[in-house]
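Dear colleague,

Please find the structure below. My notes on it come after.

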Amino acid sequence: MAFSDQSLFHYTLLTFYLIGPPTFISLRFLQAPYGKHNRPGWGPTLSPPFAWFLMESPTLWLTLLLFPFGQHATNSKALILMSPFLIHYFHRTCIYPLRLSNTQRNTKTASGFPVTVALMGFGFNLLNAYLQARWVSHYKESYHNDGWFWWKLLGGLLVFLWGMWINIWSDRVLVGLRREGGGYKVPRGGCFELVSCANYFGEIVEWLGWSVMTWSWVGFGFFLYTCANLMPRALANHNWYLDKFGEDYPKVIIPE
């Protein structure tokens, strides 16, 4: 019997949930070797801007490729629902790498991004883009009969936009510190006075909002995986700041 798209969707969704716990456990002991945690021994590297562009790109091209084939492809509600996902990843795929590129060109100091890590990120984004695009455009049961659609969309969108604002603002602060040169510095202001990694906190909040907007196992699975991926790295960054800056590091409320 032919392997149907519905079977592929269900098995991919199951995989989504199964990879979360080992990701969380492994990252508690071994951090991906880029940024503050860069270290040799992980093979060839790419420039960080190109690595981010490569990793995140499936969320744009695969989503746009798959969406028109869904049964809800022309439904205005489906198009509106898919938009926040695409807006986030347009920023992450195109705008953020450009900012990194400008900073790298100005400072002339940037560690390489391992190809292996970039390929793992590329693979995850293939899986995630497939799930989110197919659910919104095809596997959501009915937009017409979903009487709570606009309430879920509005409530989730407010959370999503709040998280996106935190994420983008925090990235600008961090990129600005790199542009100043002189090595790593303690980020100050805004949410950095409350959490160690405001950029990660903002992204977690974004995908919490997305899970409310979609109100689905697909959206909730993405939120859970984001937590499994970013929380251990946030804790590692928190400890790195403490080791490097000691008493000069602010006593944040949450090591996120």
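The notes start with the overall fold and then turn to the aromatic residues.

This is a predicted model, in which local features need pLDDT of at least 70 and side-chain atom pairs count only at pLDDT 80 or more, while totals for chains, interfaces and linings use all residues. Residues are numbered from 1 along each chain as its sequence is written, and side-chain values use heavy atoms, with hydrogens and water left out.

Overall fold

The protein has nine helices and two strands, where helices (H or I, at least four residues) and strands (E, at least two) are DSSP runs numbered from the N terminus. Their order along the sequence is α-α-β-α-α-α-β-α-α-α-α. The C-alpha trace spans about 55 × 40 × 35 Å along its principal axes.

Of the 256 residues, 50% count as buried (under 20% relative accessible area; exposed is over 50%, partly exposed in between; 1.4 Å probe, protein chains only). Among contacts (heavy atoms within 4.5 Å) with a separation of 6 or more, 82% are between residues 24 or more positions apart.

Aromatic pairs

Rings of Phe, Tyr and Trp (its six-membered ring) pair if their centres lie within 6.5 Å; planes under 30 degrees apart count as stacked, over 60 as edge-to-face and the rest as tilted. The count by this rule is 25 aromatic pairs. In one of them, the rings of Phe16 and Phe222 have centres 6.5 Å apart and planes at 35°, so the pair is tilted. This pair links helix α1 (residues 5-18), which holds Phe16, to helix α9 (residues 217-245), which holds Phe222, across 206 residues. Phe16 is buried at 2% relative accessibility, and Phe222 is buried with a relative accessible area of 2%.

Phe124 and Tyr225 are stacked, because their ring centres are 4.4 Å apart and their planes at 20°. Phe124 lies in helix α6 (residues 115-139) and Tyr225 in helix α9, 101 residues apart. Phe124 is buried at 15%, as is Tyr225 at 12%.

Both pairs fall within one aromatic cluster, formed by Phe16, Phe85, Tyr89, Phe124, Phe160, Trp207, Trp210, Phe222 and Tyr225.

Charge over rings

Arg92 lies over the face of Trp52, 5.9 Å from the ring centre. The charged end of Arg92 also sits over the ring of Tyr96, at 4.6 Å from its centre. The criterion is NZ of Lys or CZ of Arg within 6 Å of the ring centre and within 35 degrees of the ring normal.

Regards
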